[in-house]
Amino acid sequence: MEQETILKVENLSKTFRLSRKQQRLQKVKERQKKAVSNLSFSAYKGEIFGLLGPNGAGKTTTLRMLATLIRPDSGDAQVDGASIMKQPELVRSKIGFLTSELKLENFFTPNYLFDFFSSLYGVEAEVREERKRRMFSRFGIDEFAEVKVANLSTGMKQKTSLVISLVHDPDIIIFDEPTNGLDVITARTVTDFLKELKQEGKTILLSTHIFDLVEKLCDRVGIIMDGQMIVCDSLAALTEEESLEDKFFRIYQGELAGKGGQISEK
Amino acid sequence: MKSNLFTVMKKEFARFFKDPRMVFTTILMPGLLIYVMYSFMGNGFSEMASEDEEEYRICTVNLPQSLKVFQGAEGFDIREIGEDETETVKEEITEGTGADLLVVFPEDFEEAAAAYDVAQTTEPAPNIDIFYNSSETGSYGAYQAMTATLDAVEDAMANKFDVNASDADYELGSEKDMTAMVFAMVLPMLIMVFLFSGCMAITSESIAGEKERGTIATLLVTPLKRRELALGKLLSLSAIGLLSGCSSFLGTLLSLPKLIGFDMDVSIRYSAVDYLWLLVVILSTTIVIVGAISVISTFAKTVKEAGTMVVPLMLLVLLVSIAPMLGGGATGEWYWYLVPIYNSVQCMTGLFSMDYSIVSIAVTAFANIVCAGLLVMLLTKMFGSERIMYNQ
């Protein structure tokens with residue numbers, strides 16, 4: 001059965017200018033670093049797609065481009081039919097984006113912030129109240145709804161950020177390292193929730209360097225190294241012969257030896 | 001568009017007004033502090049002045065008969081002493097105990113003075129020795145008072161002509177004009193400085209602070225347009241900056257009479273229309289100041305850095321604001337009113353000295369609004385620039 005493509009990434013490239021200090025640290029002579037180069041992949045509606053790669057591979061840069069926080073040098077991506085280059089505002093209204101870099105203002109309460117972000121997304125008051133009740137009780141935020149973010153525990157802050165990134169009930173959810181820095185209990189809450197979202201028919205794109213997370217959650221996986229998509233396939237196909245970890249390291253060493261891995265897409 | 005702009009502004013207001021500490025430090029404290037400080041300084045000055053009115057203890061040697069009237073004069077407590085006591089009195093003056101001043105007349109002062117003719121004699125004029133101690137305020141005051149009195153006596157003795165001796169009212173300027181002049185010199189600077197410092201605190205906190213804490217990025221992933229964010233911040237911060245400026249201004253206005261030492265009935269001097277124009281000038285200026293500080297704060301990575309980067313702009317504003325104190329009044333040519341900040345200071349100088357044209361105020365308001373518009377456009381561009389917004 002042909003699956004519906006909801007996210008189509010086409011030849012995305014992004015270079016960053018390096019400062020002299022960075023050049024020295026990375027021992028390179030070039031003034032520019034290619035963070036992402038000619039990256040293409042697609043995600044289908046209702047699946048969890050994992051971007052797997054070591055630190056500095058370009059995962060975060062890719063996700064930030066898709067969230068229209070930064071602009072690609074070339075290439076484009078269609079997010080539910082909207083172009084990240086031409087319709088950034090429309091793209092932003094269709095996605096929920098969560099990363100640990102996006103912080104909530106310490107001064108406000110989860111309740112206030114939920115309302116504030118809801119109105120930025122144009123959510124009706126009735127819908128908002130119903131959604132807030134449901135989400136707050138799902139994550140146990142209701143008890144802390146009127147406590148300032150500054151006084152919440154790290155886990156509760158993270159849960160509040162998660163809930164607030166989804167105030168508009170988006171169909172596409174982009175998570176950068178969703179379980180980073182969380183304790184096991186909160187991490188479990190988040191992964192369980194991702195599964196629930198998938199059951200609701202949402203499409204999830206997440207980046208991680210944790211194999212376990214990919215094996216538990218993802219339907220399809222793209223392995224990124226040095227800004228390039230090395231492998232993009234279903235989890236089942238990738239783990240047919242060996243574990244994901246073994247597969248990853250075989251590709252990684254192949255890359256290191258300069259042979260290049262096998263690029264395939266299903 | 002409108003609703004998102006409103007949402008951003010509402011949040012900025014909530015952030016500010018729901019925080020009692022911020023309201024206190026930004027709005028209540030500046031005015032209160034200025035009022036208390038100026039009143040205190042004013043009281044200090046007037047106390048010093050009243051101290052001066054105390055009687056000076058003056059010792060005289062050979063006080064001439066014609067000058068015995070000094071003894072009854074207000075402010076002078078004259079004690080005649082013999083020549084043998086002068087050394088003791090000098091010691092008293094040096095140590096600041098007892099006498100303030102020692103005045104030694106020549107023995108035959110009256111005759112010598114009467115006989116002296118500046119046109120004919122080659123002899124020096126009779127000399128009066130006055131011993132004083134300038135490190136003692138009492139002694140120095142007594143010295144000044146005594147020399148002034150003796151100068152007057154000298155003038156009276158050899159009177160050739162008088163200046164302003166009749167009862168006519170020679171000062172043609174009214175007290176109103178004088179007050180207006182003092183206001184025109186001092187107030188534009190005070191208003192600009194208070195407006196600037198009020199705007200600086202809140203703007204750098206709201207923009208560089210949000211950048212530093214990573215909360216502005218959270219706003220940038222929502223469908224909120226960069227322009228709405230820029231304009232929303234500018235308008236709400238201007239309103240708060242204006243309140244802070246008003247508080248400082250009110251504090252100044254209420255304590256200024258105490259500081260300067262004369263009673264100024266402000267309500268009589270400026271009409272409601274004057275105030276309206278002043279408000280127009282101040283409002284449009286606030287938007288320009290907040291816009292400029294916003295742009296600088298957006299460049300900065302932290303609140304601290306923003307504080308440092310704003311200093312040159314602050315000095316520039318200060319320099320321009322001091323200009324009216326050098327006198328000259330407001331400029332006449334309308335095109336000078338196209339230059340932001342300078343135009344505001346000139347307008348205020350004109351308004352306070354009651355010598356302004358509607359054209360200059362209109363040009364100022366127009367120029368400031370255009371300038372603010374350009375700054376919003378620049379800010380919008382900057383909010384969209386990844387290099388500026390995520391340059392950690």
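Tutor: Two strands count as paired if DSSP finds at least two bridges between them. Strands (E, at least two residues) and helices (H or I, at least four) are DSSP runs, numbered from the N terminus. This is a predicted model, in which local features need pLDDT of at least 70 and side-chain atom pairs count only at pLDDT 80 or more, while totals for chains, interfaces and linings use all residues. Residues are numbered from 1 along each chain as its sequence is written, chains are lettered from A and ligands numbered from 1 in the order in which they are written, and side-chain values use heavy atoms, with hydrogens and water left out.

Student: Which strands stand at the edges of the four-strand sheet in chain A?

Tutor: The order in this open, antiparallel sheet is S2-S1-S4-S5 of chain A. An edge strand has a single partner, so one of its sides is left without a neighbour in the sheet. In chain A, that describes S2 (32-44) and S5 (82-83).

Student: How many bridges pair S1 and S4 of chain A?

Tutor: S1 covers residues 5-17 of chain A and S4 covers residues 74-79. For one place to look, find Ser13(A), which stands opposite Ser74(A) in S4(A). The two strands pair in the antiparallel sense, and the number of bridges is five.

Student: What is the average twist from one strand to the next in the six-strand sheet of chain A?

Tutor: This open sheet has mixed pairing and runs S6-S7-S8-S3-S9-S10 in chain A. Its edge strands, S6 (95-98) and S10 (228-234) of chain A, each pair on one side only. From one strand to the next, the twist averages 15°.

Student: Which residue is the bridge partner of Arg220(A) in S10(A)?

Tutor: Start with S9 (residues 220-225) of chain A, which six bridges join to S10(A). These two strands run antiparallel. Within S10(A), the partner of Arg220(A) is Ser234(A).

Student: Is Glu47(A) buried or exposed?

Tutor: Glu47(A) lies in the loop between S2 and S3 (48-52) of chain A. Buried means under 20% relative accessible area, exposed over 50%, and partly exposed in between (1.4 Å probe, protein chains only). Glu47(A) has a relative accessibility of 4%, so it counts as buried.

Student: With which side chain does the side chain of Glu47(A) make a polar contact?

Tutor: A polar contact is a pair of N or O atoms within 3.5 Å; within protein, one must be able to donate a hydrogen and the other to accept it, and residues adjacent in sequence count only if both atoms are side-chain atoms. For Glu47(A), the distance is 3.1 Å, and the partner is the side chain of Arg220(A).

Student: How many residues of H4 in chain A are buried?

Tutor: H4 spans residues 110-120 of chain A and is mostly covered. Among its buried residues are Tyr112(A), Phe114(A) and Phe117(A). Out of 11 residues, the buried number is nine.

Student: Which residue in S3(B) stands opposite Thr60(B)?

Tutor: Four bridges join S1 (residues 56-61) of chain B to S3(B), and these strands run parallel. In regular strands, side chains alternate between the two faces of the sheet. Leu101(B) and Val103(B) point one way from S3 (residues 101-104) of chain B, Leu102(B) and Val104(B) point the other way, and all are buried. Opposite Thr60(B) stands Val103(B).

Student: And which residue in S4(B) does Val103(B) stand opposite?

Tutor: S3(B) is joined to S4 (residues 129-131) of chain B by three bridges, and the two run antiparallel. The residue of S4(B) opposite Val103(B) is Ile130(B).

How values were computed
Axes fitted to C-alpha atoms, helices over the stretch in contact; angles between N-to-C directions.
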